[in-house]
Amino acid sequence: MTQEQQLKLQAFFDKELSEQDAREVASWLARDADATALHAELRNTRQALKGFEPELKLPESREFYWSKIKREIERSAPAPTPAQSVSLFGALRRFLIPLGAVAVLALAGFVTLHQFGGGAVHSVQVNAILADAGAYTYRDESQGMTVVWLSYPAEKKLADSPSRDTLPAK
């Protein structure tokens with residue numbers, strides 16, 4: 001017997017099947033000895049368990065019983081306290097303490113940034129002269145310096161000859 005057949009027999013025993021399914025299971029019980037044995041086992045189990053179920057009767061109605069529980073809970077719960085008025089100083093304190101904390105953190109961040117970041121932003125410019133693609137100009141205003149970079153090598157004759165534009169070697 002499959003598990004599905006066993007579940008169908010259980011549903012028949014509990015009167016949970018439709019009329020057509022109940023007739024099919026009843027005819028199946030008449031033909032199959034295993035199904036009849038399982039049906040008898042279910043009936044005996046129900047009878048055995050029925051003797052262990054205590055029947056409890058409450059002395060009062062269900063609504064009255066639960067209303068007593070509700071009243072007891074309400075009686076033991078603490079009464080709500082009336083709202084206290086807040087003074088002007090208390091209201092300002094609630095606002096100013098977080099505001100002061102934010103201001104202190106912002107000041108600490110500002111000081112740290114200027115201490116470790118150098119304090120000032122240097123303006124640096126790098127220019128490429130379009131007429132000569134091999135020459136770049138670097139200008140640093142904070143140092144007062146300009147550097148021109150030539151990416152091609154100088155000719156040997158020009159490099160060896162003294163010029164008016166160069167400083168004398170020491």
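The dialogue below concerns salt bridges and the exposure of their residues.

Reply: This is a predicted model, in which local features need pLDDT of at least 70, side-chain atom pairs count only at pLDDT 80 or more, and totals for chains, interfaces and linings use all residues. Residues are numbered from 1 along each chain as its sequence is written, and side-chain values use heavy atoms, with hydrogens and water left out.

Me: How many salt bridges does a search of the whole structure find?

Reply: A salt bridge is a side-chain nitrogen of Lys or Arg within 4 Å of a carboxyl oxygen of Asp or Glu. The search finds three.

Me: Which parts does the pair Asp14 and Arg46 tie together?

Reply: Helices are DSSP runs of H or I with at least four residues, numbered from the N terminus. Asp14 and Arg46 form a salt bridge at 2.5 Å, N to O. Asp14 lies in the loop between helix H1 (3-13) and helix H2 (19-31), and Arg46 in helix H3 (residues 33-50), so the pair joins parts 32 residues apart in sequence.

Me: What separates Arg75 and Glu72 in helix H4?

Reply: About one helical turn, because the two are three residues apart in helix H4 (residues 62-76).

Me: Is Arg75 buried or exposed?

Reply: Buried means under 20% relative accessible area, exposed over 50%, and partly exposed in between (1.4 Å probe, protein chains only). Arg75, at 61%, is exposed, whereas Glu72 is partly exposed at 40%. Asp14 is partly exposed at 26%, as is Arg46 at 37%.
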